[in-house]
Amino acid sequence: MVKLHLVPLLCLAISTVFVTATPTPEADIEKRQTATGSAYGYVYFQGEGLSNGEQIYFAVSKTNSPASWNVVNGGRPVLTSTLGTKGLRDPFIIRDPSGSKFYVIATDLRMFGGNQTWDQASRHGSLSLAIWESPDLKTWSAQRLVQVSPATAGMSWAPEATWDPSTRKFVVYWASNLFSASDTGHTGSTYSRIMYATTTDFKTFSSAQPWIDKGTAIIDTTVAFDSASGYYHRFSKINGLILQERSTTLFGIWRTVANGVGQAQYGSVEGPLIFLSNVYSGVWHLWLDGINPQGYHPLETGNITSGVWTASTGYVLPPNPRHGTVFSISASEAANLAAVSV
């Protein structure tokens, strides 16, 4: 979780991979990730309240249900940072469309120890993303840091990505405060936008451009594609509320489906995380991170276009999970993930 203090805002981020309804390689992604998996993986961090909480943890579901979990690696971090700030937050995972590898991207930020305020971190933070890749969820590459934000940005927080079949590129998006070019000290008043860049390999990125600019702070954007309705659904935190929007294309016109999602059930929430059920056709799961007290609240719906979400029951999540990603996996991938020992 990351916070903005230029305006009253807390923040997180998460995202999901979208799928398509036609018999293309992207449809195969749907089958592998969000439709017919045998289990779920969960990647997350644990927060700045713990000395090793700002690293990357994994869990694997006990059954083909997201209601109960086994932690991986004895509950210790699987991926740790040796670069940049040496802190990791808001991890997101996505498959390559070939199915040959996974990418993990995360915020390069460490708040444990109180060496900086949230306002300082949002003005003079890292402009880079922390990135790993793996062919099997068990063997991971070395960490790399890649700068994605321009010098006029104050930070690069809560990154996520979506595969765009129309361009055959990943669209990567994150939150940045933007300052005027003349304000080299980043002292002026500003607000966060959602920036985006494209890539095919998470090594080389296009120049960052604003994707969502509401004229007020927005963060924690996540996107899912509902093949049944043909709509992308986008969830973001704006003005302290979770906004659900939909569009037929990533860069088309987005229209509001619901605002204040989860507020009636749980009050102030952030960090939306969304994924499709492996078992029940058309059922979407939406998890929202409570602010006080902290912790994820699971919701679900059988009609994502309705904007009506019902609280899920009987969930036992891993210890201290913060902003991350739930993703569908095969039985062999679940076995690989469960066997991780580092």
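Guide: Two strands pair if DSSP finds at least two bridges between them. Strands (E, at least two residues) and helices (H or I, at least four residues) are DSSP runs, numbered from the N terminus. This is a predicted model, in which local features need pLDDT of at least 70 and side-chain atom pairs count only at pLDDT 80 or more, while totals for chains, interfaces and linings use all residues. Residues are numbered from 1 along each chain as its sequence is written, and side-chain values use heavy atoms, with hydrogens and water left out.

The sheet to start with is open and has four strands in the order β6-β7-β8-β9, paired antiparallel. At its edges stand β6 (88-95) and β9 (144-147); each has a single partner strand, so one side of each is left without a neighbour in the sheet. From one strand to the next, the twist averages 30 degrees (axes are lines fitted to C-alpha atoms, for helices over the stretch in contact, and angles run from 0 to 180 degrees between N-to-C directions). Inside the sheet, six bridges pair β7 (residues 102-108) with β8 (residues 128-134) in the antiparallel sense. I105 has I131 in β8 as its bridge partner.

Now follow a side chain out of this sheet. R95 forms a salt bridge with E333, with the closest N and O atoms 2.8 Å apart (a salt bridge is a side-chain nitrogen of Lys or Arg within 4 Å of a carboxyl oxygen of Asp or Glu). R95 lies in strand β6 and E333 in helix α4 (residues 331-338), so the pair ties together parts that are 238 residues apart in sequence. R95 counts as buried, at 2% relative accessibility (buried means under 20% relative accessible area, exposed over 50%, partly exposed in between, with a 1.4 Å probe and protein chains only). E333 is buried too, at 13%.

The structure holds 11 salt bridges. Another one joins R234 and E245, at 3.1 Å from N to O. R234 belongs to strand β15 (residues 231-238) and E245 to strand β16, 11 residues apart. Both residues are buried. R234 also lies over the face of W254, at 4.1 Å from the ring centre (a charge sits over a ring if NZ of Lys or CZ of Arg is within 6 Å of the ring centre and within 35 degrees of the ring normal).

K237 is buried, with a relative accessible area of 2%, and E270 is buried at 0%.

The loop between β18 (269-276) and β19 (284-291) contains S277, which counts as buried at 5% relative accessibility. The S277 side chain reaches two backbone nitrogens: that of V279 at 3.0 Å and that of Y280 at 2.9 Å. These are polar contacts, meaning pairs of N or O atoms within 3.5 Å; within protein, one must be able to donate a hydrogen and the other to accept it, and residues adjacent in sequence count only if both atoms are side-chain atoms.
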